[in-house]
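Here is a short briefing on aromatic contacts and nonpolar packing. Keep the structure open while reading.

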Amino acid sequence: MSLARLAELHGVATSYSPAPGTTVRACETAVTAALGALGVDARTPRAVQDALAAREAETAGRLLAPTVVWWLDGTRPAWLDALPEGTRLTAAPAPPDGPADAWTYPPPAGAPQEPPPGVHVLTAETRAGATATAHLIAAPRSAPLPPERTHGLLVQLYSLLSGRSWGMGDLADLGDLASWAARTHGTGFLQVNPLHAAVPSGPEGGTDPSPYRPSSRRFPDPVHLRIEDIPEYPYLPSPFARAGEAARLREAVLRKDGLIDRDAVWALKRDALEAVHAVPLTPGRRAAYADFLAEQGTALEDHATYSALAERHGPDWHTWPAGLRDPRSPETARARRELADRVDFHSRLAWLTDTQLTDAQRGARAAGMPIGLVHDLAVGVHPGGSDAWAQRDVFAQGMSVGAPPDAFNARGQDWGLPPWRPDRLAATGYAPFRDLLRNLMRYAGAVRIDHVMGLFRLWWIPEGEAPTEGTYVHYDAEAMLAVLLLEASRSGTHLIGEDLGTVELGVRERLREAGVLGTSVLWFERNYPPDGDGSPVPAEQWRTDCVATATTHDLPSTAARLRGDDVRLRESLALSTVTPAEAAAEIAEWLALFTRLGLLPEGDQDEEEAVRAVHRFLLRTPARLVGCWLPDLVGDRRPQNLPGTWREYPNWRLPVADEAGRPVTLEELTASPRAHALLRVFTEPDGPPWSGPNRPPGRARR
């Protein structure tokens, strides 16, 4: 009981419920390891008793928690009522919100009854003279909702090559796609994969291609730069010597069945950027760069220093000389000075990428998109990368984030991402979370939060243990949400949460109250037992506050699912959890439903028409946003990622392709009759031509 109580006081779960009516006890070893990662010794009964006594004394004797939340909706926070009578509060804006006048409570006559929105340093003083200091987050209750119902495209940027790409899709391609889709088909948003900075490749190459395991979530990856659009590029003293290699990289993917080779693309772009870096900036450009450096401060200096050190010592900071593993050590300071030119190079790349991302969002809005770009926030970072080095004190050492066993994966999952320590986040006023959100929202119309349940809890797995041997660690969800809503309201950014899979009771409801849209995928929307019969959920019963889609980056394309290609692929890799007959029966049930609703002609076996029927059904739901997977426009059969595989499948390295597997360029996609026919579904004024009065309600119009 003492261990359970100690764990509870530190937010470590000793059991969890994978399904209603089912409780699973967490492994005691995992509980002890999680406590250890939080700096709590629980290895012996005596250690548990000592730690429990210390924690209880600490919580009983404090006036304020390290971080408190004040929701700006006219209600008094519970922590305020718990303070001794007569306690006075002073809230001074914390950097970078300050300087500004302090707010006091009780407020003087005529003064605001609530603190201004922002993050504040809060000081409490009782009548008896006791004092305490904490971080105060004053935030609105809800994020801004999209102004109108609209549809959009979901794209993995690297996979979309144009005739000008250097072997993978880039930010100019993104802007071009946004402009075309908005102007031609009234598309309201374009959702992209995480564009976070990747872990640099080592001497032997082999960068992890997954965009969901980045080096840093705070800064974007310069591999996405369109080199020719950098203002200094035309002023190179002589033409870039390796420019011809860009065409060879592009042709290898588009015409020779090659995979996207991020390492080769980056090696080429890096050489070009080295040449660009030698071109002096104009006075105005120099001033803009100086402003960026000042705004980003230590965070950018750390990221650029990591990148410079990785060039010399390899990409995993754990293998560096001992003195360099600490970003604040004298050895690191000396190395930073010695590598000043390389630090400036990587700082410049961050600025150039930030600029092109901002231009892409500005262009999407100018083309008529009410939202524009939707950027994806990965759930964590690579343990050997930039963020884990620069913010090592905020990460739990020796732990990895994953998922417990469920109906789809009996072995659980280990994502290889170190988790944030909830106690250290609270002690900093959630500064690491605030900083990365503020940077990402600079150029986002909306942000999609991968595994949004991580705002509430994460599955921690001790190093070296199987995913089954983990436990949940809880975060202060109110504080995490307050930071999220504060930054979203400041920037006018809409929020989308990926809430698929096992979700703790009450989480979806709390996110809906906060204005965070959920994610609903057609094939998963069924009335599951024990309360339902397994039938598809009627369109009108879908939730309103969501993005409705037919697939995601971890699922098969619509054409592949309709034809059973996904089951055959998983069978060939011994990954299938359903038989072809079971999958075919499920698809037949959906197609029959579409036919009854007038979305698919009776007896029609045409694949393209079936794909269009899927999206007509999505438009019948009340969902605020409807997303279309870009590869569905051209009938692509191949998934971009096949969970559970590594070398067995080319995850994250496939270009968009047509139904025959032939790579399709951006130019070919925009000229494709199949693509235009599917996108016209979203603007059909009266539904499909055969449906007559069965016109789906709530169509997005422009």
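Five rings, those of Trp523, Trp542, Trp590, Phe594 and Phe617, make up one aromatic cluster. The model is predicted. Across the model, the count of aromatic pairs comes to 20.

**A stacked pair**

- Trp166 and Phe240 stack, with 6.2 Å centre to centre and 5° between the planes.
- Trp166 sits in the loop between strand E8 (150–155) and helix H5 (171–185).
- Phe240 sits in the loop between strand E11 (216–220) and helix H6 (243–254).
- The pair therefore ties together parts that are 74 residues apart in sequence.
- Trp166 is buried, at 4% relative accessibility.
- Phe240 is buried too, at 12% relative accessibility.

**A tilted pair**

- Tyr212 and Trp652 have ring centres 5.6 Å apart and planes at 45°, so this pair counts as tilted.
- Stacked would need planes under 30 degrees apart, and edge-to-face over 60.
- Tyr212 belongs to the loop between strand E10 (196–197) and E11.
- Trp652 belongs to the loop between strand E21 (625–629) and helix H20 (666–670).
- The contact thus ties together parts that are 440 residues apart in sequence.
- Tyr212 has 11% relative accessibility and counts as buried.
- Trp652 has 8% and also counts as buried.

**Charges over rings**

- Arg217 places its charged end over the ring of Trp420, 4.9 Å from the ring centre.
- Arg457 lies over the face of Tyr472, and here the distance to the ring centre is 3.7 Å.

**Nonpolar cores**

- In soluble globular proteins, nonpolar side chains tend to be buried together.
- The largest nonpolar core holds 129 residues.
- Trp460 and Leu484 have the most contacts inside this core.
- Helix H14 (residues 477–491) is its main contributor, giving ten residues.
- Another core, of 37 residues, lies apart from the largest one.
- Its members include Ala246, Ala272, Leu300 and Trp652.

**A contact across the sequence**

- Leu619 is part of helix H19 (residues 607–620).
- Is Leu619 buried or exposed? Leu619 is buried, because its relative accessible area is 2% and buried means under 20%.
- Leu619 and Phe682 are 63 residues apart in sequence.
- In space, Leu619 and Phe682 are 7.5 Å apart, C-alpha to C-alpha.

How values were computed: Residues are numbered from 1 along each chain as its sequence is written. This is a predicted model: local features need pLDDT of at least 70, side-chain atom pairs count only at pLDDT 80 or more; totals for chains, interfaces and linings use all residues. Side-chain values use heavy atoms; hydrogens and water are left out. Rings of Phe, Tyr and Trp (its six-membered ring) pair if their centres lie within 6.5 Å; planes under 30 degrees apart count as stacked, over 60 as edge-to-face and the rest as tilted. Helices (H or I, at least four residues) and strands (E, at least two) are DSSP runs, numbered from the N terminus. Buried means under 20% relative accessible area, exposed over 50%, partly exposed in between (1.4 Å probe, protein chains only). A charge sits over a ring if NZ of Lys or CZ of Arg is within 6 Å of the ring centre and within 35 degrees of the ring normal. A nonpolar core is a set of buried Ala, Val, Leu, Ile, Met, Phe, Trp, Tyr and Cys residues joined through side-chain atoms within 4.5 Å.
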